[in-house]
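Me: I am new to this structure. Please take me through the terms and how they apply here.
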Amino acid sequence: MDQHWVTDVVLPRSRADLAGIVDTDGVLAGGTSLMSEPNPGMTRLVDLTTLRWPDLVVSEGGLEIAATCAIDTLIHADLPRTWIATTLFEAAARALLASYKIWYTATVGGNVCLALPAGAMTAMCAALDARLLVWRADGTDALLTTSEVVIGNAVNSLAVGDVLRSIHLPIAALTQRVSLRKASYAHLGRSGAVVVARSDGDSVVVTVTAATVVPEVVTVASVDPDEVARAVLDHIPTDHFHTDAHGTAAWRIGVVEYLVAQASRDVIA
Ligand SMILES: Cc1cc2nc3c(=O)[nH]c(=O)nc-3n(C[C@H](O)[C@H](O)[C@H](O)COP(=O)(O)OP(=O)(O)OC[C@H]3O[C@@H](n4cnc5c(N)ncnc54)[C@H](O)[C@@H]3O)c2cc1C
């Protein structure tokens, strides 16, 4: 929608052009959220897409995803076949209640920065042990986990002027088996609970999103699905589960136990 308060657009070409971002600026990536509602007080846009960061860089250490990489580009990337966990990209995108038209425009970084509990890319990043590179406004860099960036319901830890530059997925996680299971009130409704299990054969790393306000990542040294499910619920305090239009906390606790057991069985079998 039109943002009538905007009188200027910054088209940065380098990091130096990002200096001087203030709280009345809108940092624009895909714009599917930023431009979807009125933002009175937003007088300037800083369009990250003109930085032309390479979408995906494959290295010996893993995959670097530019924050501005569209979700659709990530899903359809031609990546090493041994990176079996990349099936999670599309599975997570499908957990995003949005059509493929949104996928074309919405970016991986925008999804994480929006910090919604049902953030599809938030789930993927947390589950694959991502490190998020943040360009601080003061010129320094910070390498953070997903849980250090997504800290509340639609609340991220970035200060004014901080920009998420990229997301690094390590090869150790990319080469492990993964399974995503989700539940929602309606068949095509927004996810009420998303669970991702990942295993190296000896233990299971479980990530819970949507059911909880922020991503919960629990490593369980067991490959018994029911034991893993019980351990995950023991680990997450019940007040971390939330109630909103997409599910009550009690319902979410129940389905998470069921989904963790299912997803664990998928990666252990
Ligand atoms: C129909 C529909 C359904 C949706 N369903 C979901 C859903 O189920 N789950 C979900 O999570 N979202 C959902 N969304 C919201 C949104 O579309 C997505 O989260 C999307 O991935 C946001 O990415 P974007 O690139 O469009 O971000 P933008 O709209 O460009 O930005 C979103 C926010 O992040 C900030 N930002 C973006 N990139 C950076 C960066 N690199 N550094 C610092 N700040 C940055 C922006 O300033 C803004 O505050 C939905 C939207 C629509 C229209």
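Reply: Two strands pair if DSSP finds at least two bridges between them. Helices (H or I, at least four residues) and strands (E, at least two) are DSSP runs, numbered from the N terminus. The model is predicted: local features need pLDDT of at least 70, side-chain atom pairs count only at pLDDT 80 or more, and totals for chains, interfaces and linings use all residues. Residues are numbered from 1 along each chain as its sequence is written, and side-chain values use heavy atoms, with hydrogens and water left out.

Me: What is the order of the four strands in the open sheet?
Reply: The order is S11-S12-S13-S14, with antiparallel pairing. Strand S11 (177-183) and strand S14 (216-220) each have a single partner strand, so they stand at the edges, with one side of each left without a neighbour in the sheet. From one strand to the next the twist averages 15°, an angle between N-to-C directions of axes fitted to C-alpha atoms, on a scale from 0 to 180 degrees.

Me: How do you know that strand S13 pairs with S14?
Reply: Pairing needs at least two bridges, and five join S13 (residues 204-209) to S14. Thr207, for one, has Val217 in S14 as its bridge partner.

Me: What makes helix H8 count as touching S13 and S14?
Reply: Contact means heavy atoms within 4.5 Å. Helix H8 (residues 225-235) packs on the sheet and touches both S13 and S14, its direction making about 135° with that of S14.
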